Amino acid sequence: MGANLSNLVEEDKSGIALAGPDRQADIILGIIWALCIYGVAMIWCAVSLIGRWAGPHGERGVNMFSVLAAFILSAGWPVVLVYLVMNPA
């Protein structure tokens, strides 16, 4: 037991690759992670836009149409983030 732990010769692992199904599963998992991050960013940007439109103390009412507009506009969340950074409230 433990004989392989004292081996000082490093093995060449350059030829190691994922099998076909594992590679496909990893790609799908990466896409799902990217979509989840995109969805979280969309929600965060939509809530930020709604908060900005409501005013500093919420004096302007927010209705269903402004919420829908915020979610439609948040689809391009990188642009929304640039807008929010360039125009602080």
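**Note on the packing of helix α1**

1. Helices α1 and α3 pack with their axes 10 Å apart and at an angle of about 40 degrees (axes are lines fitted to C-alpha atoms, for helices over the stretch in contact; angles run from 0 to 180 degrees between N-to-C directions). α1 is therefore oblique to α3 (angles under 35 degrees count as roughly parallel, over 145 as roughly antiparallel, 65 to 115 as roughly perpendicular, and the rest as oblique).

2. The model is predicted: local features need pLDDT of at least 70, side-chain atom pairs count only at pLDDT 80 or more, and totals for chains, interfaces and linings use all residues. Residues are numbered from 1 along each chain as its sequence is written, and side-chain values use heavy atoms, with hydrogens and water left out.

3. Helix α1 covers residues 20-54 and helix α2 residues 64-73; their axes lie 8 Å apart at an angle of about 135 degrees. This makes α1 oblique to α2 as well.

4. In contact (heavy atoms within 4.5 Å), Met-42, Ile-43, Ala-46, Leu-49, Ile-50 and Trp-53 of α1 meet Ser-66, Val-67, Ala-69, Ala-70, Phe-71 and Leu-73 of α2.

5. Ala-41, Cys-45, Ala-46, Leu-49, Ile-50 and Ala-54 are the buried residues of α1 (under 20% relative accessible area, with a 1.4 Å probe and protein chains only). These buried residues pack against α2 and α3, the latter spanning 77-86.

6. At 1.5 Å a residue, the 35 residues of α1 should span 51 Å, and the end C-alpha atoms are 51 Å apart, which agrees (the expected span is 1.5 Å times one less than the number of residues). Just after α1, Gly-55 has a positive phi of about 95 degrees.

Note on methods: Helix = DSSP H or I, 4+ residues; strand = E, 2+ residues; numbered from the N terminus. Buried < 20%, exposed > 50% of the residue type's maximum accessible area, 1.4 Å probe, protein only.
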